[in-house]
Amino acid sequence: MTDVFISHSSHDRTLVLDLAEQLKEAGFPCWVDVESIPDGWSWVREIEKAIGACRAMIVVMSEQARASEWVEREVLMALEQGKPILFMRIDDAPLPLYMINRQYIDYRKRPTSAIRRLKDALGKVWKSSSATPASTPPAKYAPTPNTENFFKYLEQYNDMRASTIAALELFLWAREHTDALTFSGKAQPAFHANLWIGVGGVTLFSVRAFPTTPAVEVPIGYFRDFPPYDDDAVRLSLLRQLEVFAPAPFPDDRADKRPNVPLAPLVDDDQRAKLIALLAEIAQKLKQA
């Protein structure tokens, strides 16, 4: 089940991808068309499927979104299915008819407060739902994550056994070639491969056990304090290399953030070997800084 479907105009994609990343970190994995539809899949069919499976919809309302027939159709479909809908207003465009008499979250003057209100609202939706949220693990796998329970947590979801094997292979490589492995997140466990460089070290990569699409996250934005990744062009080049493992191209601004690639394709030995080789190259350059 998709946690949050974000309906938006493509003109607002940069803001939306940043929003999705912040919500994902808070335990609410998001479905965004640019990231979530694999190449060659039917656009309309996948959108309909994602709306039907989501637990809530966020509508990022702007002048371009107001003029978008696709945004209107997505909202009407969610309304028809009785999905909780949260509206976030990001500019001064007049509200469309379907938003009249509905409350909205105002992002225009206080974006940080707006994101916090969105998280709080989603939390209330989760609590009021009679179904178990996709992002909440069974009680027996909910303790502080560690090597004893992380992989069991990941494996519990349907069709995740192969992804669990890929995650374990990355873990074993990191244990031999990085300086420390740490775990975090009770609602959505993750493990992090760290290098002791600079002040406080840096995370080389993380494996995050998102219920819908577990992923490997490479925090390129964190590398900018260390040469050669203090060069914008070098970080962008690294993003393009990482893009090979992703289902769709990354926007350029992801070179200053934490792009992630799904674990599923890394079940293939060749793909996993290529990613590990790239991680090893990054680690070597960072240690030479």
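In this predicted model, strand S1 (residues 4-7) and strand S3 (residues 56-61) pair in the parallel sense through four bridges, where pairing requires at least two DSSP bridges between two strands and strands are DSSP E runs of at least two residues, numbered from the N terminus. Within this pair, Ile6 lies opposite Ile58 of S3. Helix H1 (residues 13-25) packs on the sheet and touches S1, S2, S3 and strand S4 (85-89), its direction making about 145 degrees with that of S3; helices are DSSP H or I runs of at least four residues, contact means heavy atoms within 4.5 Å, and angles run from 0 to 180 degrees between N-to-C directions of lines fitted to C-alpha atoms. The open sheet has five strands in the order S2-S1-S3-S4-S5, with parallel pairing. Strands S2 (30-31) and S5 (105-106) each have a single partner strand, so one side of each is left without a neighbour in the sheet.

Confidence is expressed as pLDDT, from 0 to 100; the protein chain averages 84, and 87% of the residues score at least 70.

Residues are numbered from 1 along each chain as its sequence is written, and side-chain values use heavy atoms, leaving out hydrogens and water. Local features need pLDDT of at least 70 and side-chain atom pairs count only at pLDDT 80 or more, whereas totals for chains, interfaces and linings use all residues.

Notes:
pLDDT is the predictor's confidence in each residue, from 0 to 100.
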